[in-house]
Amino acid sequence: MVGVWTIAGTLVPVPVLDRLDLVAEPVAAALRSTADASRVAVGAIDPELADTAEFCAHYGSPLDASANCVIVAGKRGDTVRYAACVVLATTRADVNGVVRRRLDARRASFAPMDDAVALTGMAYGGITPVGLPADWPVLLSPEVAAAPELVIGSGVRGSKLLVPGAVLAKLPGAEVVEGLAR
């Protein structure tokens, strides 16, 4: 699959295992330990263009083929549970409904930036579901899991991963959640 990316636009994807220097260390570690890494590509980008809309506009990649990963913190009493939510860039995660219930939380919200960065070992604006803490659920919208190819973060702002949704659905802790995306 690597090498045939219809969604890359002007991005130049290469097999990710050939360029692990372009991803955050937790992402590289996760990719080194999975057979599915052979189905993943990476492309270097201008870090100033890492935000999805700017990336898509500059590189000519379709917005509906981009997926965003957000870290959610759910709280019940003194207990905080974290989860990653991965939805298409054209949608938003139902944090206060579906995600809050999945985390069995009284309150759920986007994790504070400093917490998300410290807990994932990734750069804000580049957080990806690949390489997250093993005990976190990775909640995927059905559209993400079914996508033949997606552009996602790489853990840093200077590159993007290209990956089939089926690879994301096999990540540790991955769950396809109906109604996750609105």
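Reader: Before we get going, what does "buried" mean here?
Author: This is a predicted model, and the label comes from relative accessible area, with a 1.4 Å probe and protein chains only. Over 50% is exposed and in between is partly exposed, so buried means under 20%.

Reader: Is aspartate 94 buried or exposed, then?
Author: Its relative accessibility is 10%. The cut-off for buried is under 20%, so aspartate 94 counts as buried.

Reader: Which residue forms a salt bridge with aspartate 94, and what parts does the pair tie together?
Author: The closest N and O atoms of the pair are 3.5 Å apart. Aspartate 94 sits in the loop between strand 4 (79–88) and helix 3 (95–102), while its partner lies in the segment after strand 9 (174–176), so parts 88 residues apart in sequence get tied together. That partner is exposed, at 67% relative accessible area, and it's arginine 182.

Reader: What about aspartate 21: which residue does its side chain meet in a salt bridge?
Author: Aspartate 21 is exposed, with a relative accessible area of 56%. The N to O distance is 2.7 Å, and the partner counts as partly exposed at 33%. It's arginine 19.

Reader: How many salt bridges does the structure hold?
Author: Another one joins the side chains of arginine 32 and glutamate 25, at 3.3 Å from N to O. The count for the structure is seven.

Reader: Which residues have the most contacts inside the largest nonpolar core?
Author: That core has 37 residues, and helix 1 (25–32) and strand 3 (67–76) are among the elements supplying at least two each. Leucine 168 touches Pro129, Leu140 and Ile152, among others. The residues with the most contacts inside the core are Ile71, Leu161 and Leu168.

Conventions
Residues are numbered from 1 along each chain as its sequence is written. This is a predicted model: local features need pLDDT of at least 70, side-chain atom pairs count only at pLDDT 80 or more; totals for chains, interfaces and linings use all residues. Side-chain values use heavy atoms; hydrogens and water are left out. A salt bridge is a side-chain nitrogen of Lys or Arg within 4 Å of a carboxyl oxygen of Asp or Glu. Helices (H or I, at least four residues) and strands (E, at least two) are DSSP runs, numbered from the N terminus. A nonpolar core is a set of buried Ala, Val, Leu, Ile, Met, Phe, Trp, Tyr and Cys residues joined through side-chain atoms within 4.5 Å. Contact means heavy atoms within 4.5 Å. Lists of a residue's contacts leave out its neighbours within four places in sequence.
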